[in-house]
Amino acid sequence: MKERQARLKAIKDLIKTNPIESQETLLSHLQKEGFDVTQATLSRDLKVLKVGKVSNGHSGYAYTLPGDDDHKDSNRTFARDFMRGFISMNWSGNMVVIRTYSGHSDSVAMALDSFDLQNVLGTISGRDNTVFAVLKEGVSGEDFLNSLKKNIPELADYNPEGKI
(Lines give C-alpha, C1' and ligand atoms only; values in the text may rest on other atoms or scores of the structure.)
Protein backbone atom coordinates (compact mmCIF):
# COMPACT_ATOMS: atom_id res chain seq x y z
CA MET A 1 0.00 0.00 0.00
CA LYS A 2 1.27 3.47 -0.84
CA GLU A 3 1.99 5.78 2.05
CA ARG A 4 -0.61 8.14 3.51
CA GLN A 5 0.79 11.40 2.09
CA ALA A 6 0.67 9.98 -1.43
CA ARG A 7 -2.93 8.86 -0.85
CA LEU A 8 -3.93 12.29 0.47
CA LYS A 9 -2.35 13.95 -2.57
CA ALA A 10 -4.19 11.52 -4.86
CA ILE A 11 -7.50 12.31 -3.12
CA LYS A 12 -6.93 16.04 -3.60
CA ASP A 13 -6.02 15.57 -7.26
CA LEU A 14 -9.06 13.37 -7.90
CA ILE A 15 -11.45 15.84 -6.25
CA LYS A 16 -9.94 18.75 -8.20
CA THR A 17 -10.20 16.97 -11.57
CA ASN A 18 -13.37 14.85 -11.27
CA PRO A 19 -16.93 15.49 -10.11
CA ILE A 20 -16.86 13.06 -7.14
CA GLU A 21 -20.34 12.66 -5.65
CA SER A 22 -19.79 9.85 -3.13
CA GLN A 23 -17.18 8.03 -1.11
CA GLU A 24 -17.87 4.92 -3.18
CA THR A 25 -16.94 6.77 -6.36
CA LEU A 26 -13.80 8.20 -4.77
CA LEU A 27 -12.87 4.77 -3.40
CA SER A 28 -13.21 3.31 -6.89
CA HIS A 29 -10.95 6.00 -8.36
CA LEU A 30 -8.36 5.42 -5.64
CA GLN A 31 -8.36 1.67 -6.26
CA LYS A 32 -7.77 2.34 -9.96
CA GLU A 33 -4.79 4.48 -8.93
CA GLY A 34 -3.37 1.52 -6.98
CA PHE A 35 -4.40 2.46 -3.44
CA ASP A 36 -5.73 -0.33 -1.23
CA VAL A 37 -7.89 1.69 1.16
CA THR A 38 -10.97 0.96 3.27
CA GLN A 39 -14.03 3.17 3.50
CA ALA A 40 -13.20 3.97 7.15
CA THR A 41 -9.69 5.13 6.20
CA LEU A 42 -11.11 7.19 3.35
CA SER A 43 -13.54 8.85 5.77
CA ARG A 44 -10.65 9.79 8.05
CA ASP A 45 -8.67 11.11 5.08
CA LEU A 46 -11.59 13.28 3.99
CA LYS A 47 -11.83 14.70 7.49
CA VAL A 48 -8.09 15.44 7.61
CA LEU A 49 -8.33 17.24 4.26
CA LYS A 50 -11.45 19.12 5.44
CA VAL A 51 -13.33 18.01 2.36
CA GLY A 52 -16.87 19.34 2.08
CA LYS A 53 -19.78 18.88 -0.27
CA VAL A 54 -21.34 21.58 -2.41
CA SER A 55 -24.25 21.53 -4.81
CA ASN A 56 -23.20 20.42 -8.27
CA GLY A 57 -25.83 22.71 -9.80
CA HIS A 58 -28.11 19.85 -10.76
CA SER A 59 -29.70 17.34 -8.42
CA GLY A 60 -26.72 16.30 -6.34
CA TYR A 61 -23.60 17.27 -4.48
CA ALA A 62 -19.89 16.93 -5.18
CA TYR A 63 -16.83 16.94 -2.95
CA THR A 64 -14.80 20.13 -2.71
CA LEU A 65 -11.53 21.09 -1.04
CA PRO A 66 -11.00 24.17 1.06
CA GLY A 67 -8.73 26.59 -0.76
CA ASP A 68 -5.77 28.39 0.69
CA ASP A 69 -7.63 31.63 0.07
CA ASP A 70 -10.59 30.30 2.08
CA HIS A 71 -8.24 29.44 4.97
CA LYS A 72 -6.60 32.88 4.85
CA ASP A 73 -9.99 34.58 4.69
CA SER A 74 -11.32 32.63 7.67
CA ASN A 75 -8.16 33.38 9.68
CA ARG A 76 -8.59 37.09 8.93
CA THR A 77 -12.22 36.86 10.04
CA PHE A 78 -11.25 35.15 13.29
CA ALA A 79 -8.48 37.71 13.86
CA ARG A 80 -11.04 40.52 13.44
CA ASP A 81 -13.43 38.76 15.84
CA PHE A 82 -10.65 38.42 18.39
CA MET A 83 -9.61 42.07 18.13
CA ARG A 84 -13.21 43.28 18.22
CA GLY A 85 -13.67 41.70 21.65
CA PHE A 86 -10.15 41.87 23.09
CA ILE A 87 -9.27 44.25 25.94
CA SER A 88 -6.19 42.76 27.60
CA MET A 89 -4.40 39.57 28.60
CA ASN A 90 -2.06 38.42 31.29
CA TRP A 91 -0.80 35.08 32.55
CA SER A 92 0.48 33.12 35.46
CA GLY A 93 2.11 29.74 35.03
CA ASN A 94 0.29 27.92 32.26
CA MET A 95 -2.97 29.93 32.60
CA VAL A 96 -3.71 32.92 30.38
CA VAL A 97 -6.57 35.26 31.26
CA ILE A 98 -7.97 37.29 28.39
CA ARG A 99 -10.36 40.10 29.25
CA THR A 100 -12.99 40.91 26.64
CA TYR A 101 -15.69 43.46 26.12
CA SER A 102 -19.05 42.38 27.47
CA GLY A 103 -20.60 39.68 25.31
CA HIS A 104 -17.45 38.91 23.33
CA SER A 105 -15.89 36.06 25.31
CA ASP A 106 -17.41 33.34 23.10
CA SER A 107 -16.16 34.87 19.84
CA VAL A 108 -12.68 35.47 21.28
CA ALA A 109 -12.47 31.86 22.54
CA MET A 110 -13.73 30.57 19.18
CA ALA A 111 -11.07 32.60 17.38
CA LEU A 112 -8.36 31.14 19.63
CA ASP A 113 -9.63 27.62 19.00
CA SER A 114 -9.77 28.19 15.24
CA PHE A 115 -6.08 29.14 15.08
CA ASP A 116 -5.24 25.61 16.29
CA LEU A 117 -2.34 26.86 18.40
CA GLN A 118 -0.15 23.87 19.25
CA ASN A 119 0.82 25.28 22.66
CA VAL A 120 -2.79 25.56 23.92
CA LEU A 121 -4.50 22.65 25.66
CA GLY A 122 -7.87 24.36 25.56
CA THR A 123 -9.94 27.46 26.19
CA ILE A 124 -12.88 28.23 28.44
CA SER A 125 -15.16 31.12 27.69
CA GLY A 126 -16.50 32.88 30.75
CA ARG A 127 -20.10 33.89 30.94
CA ASP A 128 -19.55 37.32 29.50
CA ASN A 129 -16.13 38.98 29.52
CA THR A 130 -13.28 36.57 30.26
CA VAL A 131 -11.53 33.77 28.39
CA PHE A 132 -9.13 31.35 30.04
CA ALA A 133 -6.54 29.54 27.95
CA VAL A 134 -4.63 26.63 29.46
CA LEU A 135 -1.17 26.18 27.99
CA LYS A 136 0.83 23.00 27.67
CA GLU A 137 3.41 22.29 30.34
CA GLY A 138 6.54 24.36 29.84
CA VAL A 139 4.87 26.93 27.57
CA SER A 140 5.02 30.49 28.87
CA GLY A 141 2.50 33.26 28.44
CA GLU A 142 5.11 35.05 26.34
CA ASP A 143 5.32 31.99 24.04
CA PHE A 144 1.53 32.03 23.74
CA LEU A 145 1.48 35.74 22.90
CA ASN A 146 4.19 35.28 20.25
CA SER A 147 2.26 32.46 18.55
CA LEU A 148 -0.92 34.53 18.71
CA LYS A 149 0.87 37.46 17.04
CA LYS A 150 1.58 35.24 14.02
CA ASN A 151 -2.19 34.88 13.51
CA ILE A 152 -3.17 38.39 14.60
CA PRO A 153 -0.68 40.97 13.29
CA GLU A 154 -2.59 43.73 15.13
CA LEU A 155 -1.10 42.35 18.36
CA ALA A 156 2.46 43.06 17.20
CA ASP A 157 2.89 46.00 19.60
CA TYR A 158 0.84 44.54 22.44
CA ASN A 159 2.39 44.83 25.88
CA PRO A 160 0.66 42.74 28.57
CA GLU A 161 1.26 45.52 31.08
CA GLY A 162 -0.70 47.99 29.01
CA LYS A 163 -3.11 48.18 26.12
CA ILE A 164 -2.66 48.19 22.38
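In helix α3, which spans residues 39-48, the buried residues include T41, L42, D45 and L46, where buried means under 20% relative accessible area, exposed over 50% and partly exposed in between, with a 1.4 Å probe and protein chains only. Seen down the axis of α3, the buried residues fall within an arc of 140°, so they line one face of the helix; the arc is that of the directions from the helix axis to the C-beta atoms. This is a predicted model, in which local features need pLDDT of at least 70, side-chain atom pairs count only at pLDDT 80 or more, and totals for chains, interfaces and linings use all residues. Residues are numbered from 1 along each chain as its sequence is written, and side-chain values use heavy atoms, with hydrogens and water left out.

**Surroundings of α3**
- The buried residues of α3 pack against α1 (4-17), α2 (23-32) and β2 (61-64), contact meaning heavy atoms within 4.5 Å.
- R44 and K47 lie on the other side of α3, where they are exposed.
- K50, which follows α3, has a positive phi, near 60°.

**The protein as a whole**
- The protein has 6 helices and 6 strands, which are DSSP runs (helices H or I, at least four residues; strands E, at least two) numbered from the N terminus.
- From the N terminus on, these elements run in the order α-α-α-β-β-α-β-β-α-β-β-α.
- Of the 164 residues in the protein, 37% are buried.
- Among contacts between residues at least 6 apart in sequence, 51% join residues at least 24 apart.
- The protein exposes about 10100 Å², of which carbon and sulfur atoms supply 48%, the areas coming from the Shrake-Rupley method with a 1.4 Å probe.
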